[in-house]
Amino acid sequence: MSELLVSGGQVLLPDHSVERADVLLDQDSGEIVDVGDLSGDDELDASGGLVIPGLVNAHTHVAMTLLRGYADDKPLDAWLQEDIWPVEAELTAEDVRVGTELGLIEMLKSGTTALNDMYFFMPEVVETVESAGMRARLGYGAITVGKDDDAAREEMRDGLAFAREYDGAADGRIRTAFMPHSLTTVGAEYYREFVPQAREADVPVHLHANETTDEVDPIVDEHGERPLEYAARLGLLEPGDYLAHGVHLDGSEIELLADRGTGVVHCPASNMKLASGMAPVQDLLDAGVPVGLGTDGAASNNDLDMFDEMRDAAMLGKLAADDASAVDAESVVEMATRGSAEILGFDSGRIERGANADLAVIDLDAPHLTPAHDLVSHLTYAARGSDVRHTVCDGQVLMRDRDVQVFDERAVRERASERASALVERAE
Ligand SMILES: [Zn+2]
């Protein structure tokens, strides 16, 4: 058995207490063997640091890193139609590969070990995630609006075929989902035809829902029901399914989510930047809805740093609830770790014997992390992605002393800059 001892640090335990402990990892099984006062041959130095579960970014579009800073300061609908979709129409498989490499490097450098990606050219994303050594739930973002019936059905078939073919890839580190883009960009008839096939293939369904009022109102007008009632009628919201955003939800929809066990991935930065609104996160938590955290794509954020996202979630959650005690630091850390991991179906997000050996070591030797009254508070309100010293997934060290082991960072940055410029030129 090949083992790695993460030694000398303090450890964030599942009950949010912090203890001085070592963490022993089995690199063959990819599991945590033990937590305590331990010894081992091969060591990863965590002294002066805090060992936390690897962060889980439960909703993003990774290759959108190529569009970071390309179009800002617009509402969702105009931003998608005028800026994002025309450029995305020009994307090549190689663009997506390089944009994904860039995004995964950014995630590893900010302590993220697992992610959910909804995008295009997904076989390239599978290869890239596999090389990165990370864990992911992946799906093709299918859109039928603006397409004729043949093209629309092909789009849905592609999404389903991807989910079938790649589920369990990379020794199980990669799982898939069927990912119709949203309730307004995919027609009801296509949900009716293809969702049962996703059930048969035993993959969950992930989509954007209730993100903006522009998305909610047309469904209410046309169908005379709330979007999530409509979704349930189309066969969605089964256990294992999960939605991104859930900003504009009424009480009955929150109840429905709780009854069905459907998860919501909160994306506070994107919701603020596109002025989409404030998700009722404390209400979701109180109702027992599984809640995770995601950055959404880098074009609406504009980074993939989950520490920024945690801080935003706490701040916006208080504003939304008009209550400074809402969405507290512990809830936020839980959302970014075990909450997101459970939504994606991974046994990660907790430093405990038997869990996946996915973790990050945070350097506490910094003025903005001094003094250390409460390290959970620091994780939510004060720490930054650049404080991460090491990142480990499946027992393998993917970043050591801020040096990403799995990609040539400088070469990827250069290639991504070139690809992004050429892409925008083609689109314009
Ligand atoms: Zn999204």
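A residue is called buried when its relative accessible area is under 20%, exposed when that area is over 50%, and partly exposed in between, using a 1.4 Å probe and counting protein chains only. By this scale D34 is partly exposed, because its relative accessible area is 22%. The structure is a predicted model, in which local features need pLDDT of at least 70 and side-chain atom pairs count only at pLDDT 80 or more, while totals for chains, interfaces and linings use all residues. Residues are numbered from 1 along each chain as its sequence is written, and side-chain values use heavy atoms, with hydrogens and water left out.

For orientation, the UniProt record, an unreviewed entry, places the annotation "domain: Amidohydrolase-related" on residues 50-397; such annotations may be inferred rather than shown by experiment. Helices (H or I, at least four residues) and strands (E, at least two) are DSSP runs, numbered from the N terminus.

Side chains of opposite charge can pair when their charged atoms come close. A salt bridge here is a side-chain nitrogen of Lys or Arg within 4 Å of a carboxyl oxygen of Asp or Glu, and a search of the whole structure finds 29 salt bridges. One of them joins D34 to R353, with the closest N and O atoms 2.8 Å apart. This pair links distant parts of the chain, since D34 lies in strand β5 and R353 in the loop between α12 (329-344) and β17 (359-363), 319 residues apart. R353 counts as exposed because its relative accessible area is 58%.

Another salt bridge connects R426 with D95, where the closest N and O atoms are 3.0 Å apart. Here too distant parts of the chain are linked, R426 in helix α14 (residues 409-427) and D95 in helix α2 (residues 93-109), 331 residues apart. R426 is partly exposed at 39% relative accessibility, whereas D95 is buried, with a relative accessible area of 1%.

D42 lies in the loop between β5 (31-36) and β6 (43-45), and it counts as partly exposed because its relative accessibility is 40%.

The backbone deserves a separate look. Most residues other than glycine have a negative phi, and most peptide bonds are trans. The bond joining N301 and N302 is cis, with omega about 10°, and N302 is found in the loop between β16 (291-293) and α11 (306-321). The peptide bond from T370 to P371 is likewise cis, with omega near -5°, and P371 lies in the loop between β17 and α13 (375-381). D202, in the loop between α5 and β13 (206-209), has a positive phi of about 60° although it is not a glycine.
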